[in-house]
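Hi there,

Here is the structure I promised to pass on. Please have a look at it first, and then read my notes below.

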Amino acid sequence: MKRILLIAALLAPVLAFAAPARAGGWAVTYLDPVPGEIRPQTPYVLGFWMLQHGTHPYDGADLGEVGLRFVQGRKSVEFPGVALREPAHYAAAVFLPRGTWRVEAVQGWFSPYEIGTVTVPGSLKIKPVPADLRRAIDAQQPQEDHWGDIRPPGIPPSGITPSARSTGGPAAPSASASPATPPGRTAGASGDGDAGAAVTTASVESGAETGSGWPMPYGAAAAAGLVLLGGAVLVRRGRTRRR
């Protein structure tokens with residue numbers, strides 16, 4: 001009986017951790033058209049859409065902080081997103097030093113989503129939506145249309161199947177830039193064009209790789225399996241001792 005109680009105590013927090021993930025623990029961020037060239041020490045406004053399950057606005061209560069993070073080795077620069085009028089639509093004013101930066105979306109309590117890579121001066125290269133997430137998007141039922149003329153890139157009006165929507169992704173870069181005064185908070189960036197050393201503050205939820213958006217239930221299931229395996233070992237040892 002004591003062993004059963006021990007196994008139950010070990011398994012309870014794992015199941016509690018997995019519950020929010022089963023309710024929809026992943027999201028995808030799509031960018032609006034971006035400037036054809038990003039210049040150093042120049043402010044830009046980048047629009048983006050954070051879609052739960054890659055298809056619809058977040059349907060929970062408290063999402064948390066949303067924004068764009070630029071990572072270069074141990075350096076990082078992060079700019080908060082401001083909610084726009086359209087559901088799930090945000091804008092961030094960014095200001096980057098020279099270099100090549102990995103672009104991540106900060107998605108509240110969801111895992112960060114890897115958008116692509118930007119070279120300053122240079123252009124932004126968008127990373128395709130991971131194959132596992134594309135499959136998950138394809139498997140969904142048609143969603144309610146939440147938008148009008150201004151809508152996420154690659155998501156047509158309602159009536160189109162998720163399979164057609166899933167291959168959309170960010171639109172191609174535009175030739176113009178939007179000036180802005182960058183209010184972003186930085187970690188390890190200086191105004192002379194070079195970022196100082198700083199430990200990247202990106203956090204990843206258990207069971208999810210940075211930028212992949214891998215759903216958390218897989219990590220929770222693995223943890224549950226380890227707990228059950230440990231419980232089986234305890235029971236087997238107890239039987240051996242009674243012999």
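**Fold and overall numbers**

Read from the start of the sequence to its end, the elements of this predicted model come in the order α-β-β-β-β-β-β-β-β-β-α-α-β-α. That makes four helices and ten strands.

The protein has 243 residues, and 43% of them count as buried. If you look at contacts between residues with a separation of 6 or more, 68% of them come from residues 24 or more positions apart.

**Cavities**

Which residues line the largest cavity? They are Val 34, Ile 38, Leu 46, Phe 70, Val 94, Leu 96, Val 103, Val 118 and Leu 124. By class, this lining consists of nine nonpolar residues, with no polar and no charged ones.

**Aromatic pairs**

The structure holds six aromatic pairs. One of them is formed by Phe 48 and Tyr 90, which are stacked, with 5.7 Å from centre to centre and 20 degrees between the planes. This pair links distant parts of the chain: Phe 48 belongs to strand S2 (residues 44-52) and Tyr 90 to strand S6 (residues 89-94), 42 residues apart. Both Phe 48 and Tyr 90 are buried.

Trp 109 and Phe 110 also form a stacked aromatic pair, with the ring centres 4.3 Å apart and an angle of 25 degrees between the planes. Together with Tyr 58, Trp 109 and Phe 110 make up one aromatic cluster.

Are Trp 109 and Phe 110 buried or exposed, or something in between? Trp 109 has a relative accessibility of 29%, so it counts as partly exposed, since that class lies between the 20% limit for buried and the 50% limit for exposed. Phe 110 counts as buried because its relative accessibility is 3%, and buried means under 20%.

If you open the model in your viewer, two places to start are the lining of the largest cavity, including Phe 70 and Leu 124, and the aromatic cluster of Tyr 58, Trp 109 and Phe 110.

Best wishes

Terms used
Residues are numbered from 1 along each chain as its sequence is written. This is a predicted model: local features need pLDDT of at least 70, side-chain atom pairs count only at pLDDT 80 or more; totals for chains, interfaces and linings use all residues. Side-chain values use heavy atoms; hydrogens and water are left out. Helices (H or I, at least four residues) and strands (E, at least two) are DSSP runs, numbered from the N terminus. Buried means under 20% relative accessible area, exposed over 50%, partly exposed in between (1.4 Å probe, protein chains only). Contact means heavy atoms within 4.5 Å. On a 1 Å grid over the protein atoms alone, a cavity is a set of points where a 1.4 Å probe fits but cannot get out, and a pocket is an open set with protein on both sides within 12 Å along at least five of seven lines; lining residues have an atom within 4 Å of a point. Ala, Val, Leu, Ile, Met, Phe, Trp, Tyr, Cys and Pro count as nonpolar, Asp, Glu, Lys and Arg as charged, and the others, Gly among them, as polar. Rings of Phe, Tyr and Trp (its six-membered ring) pair if their centres lie within 6.5 Å; planes under 30 degrees apart count as stacked, over 60 as edge-to-face and the rest as tilted.
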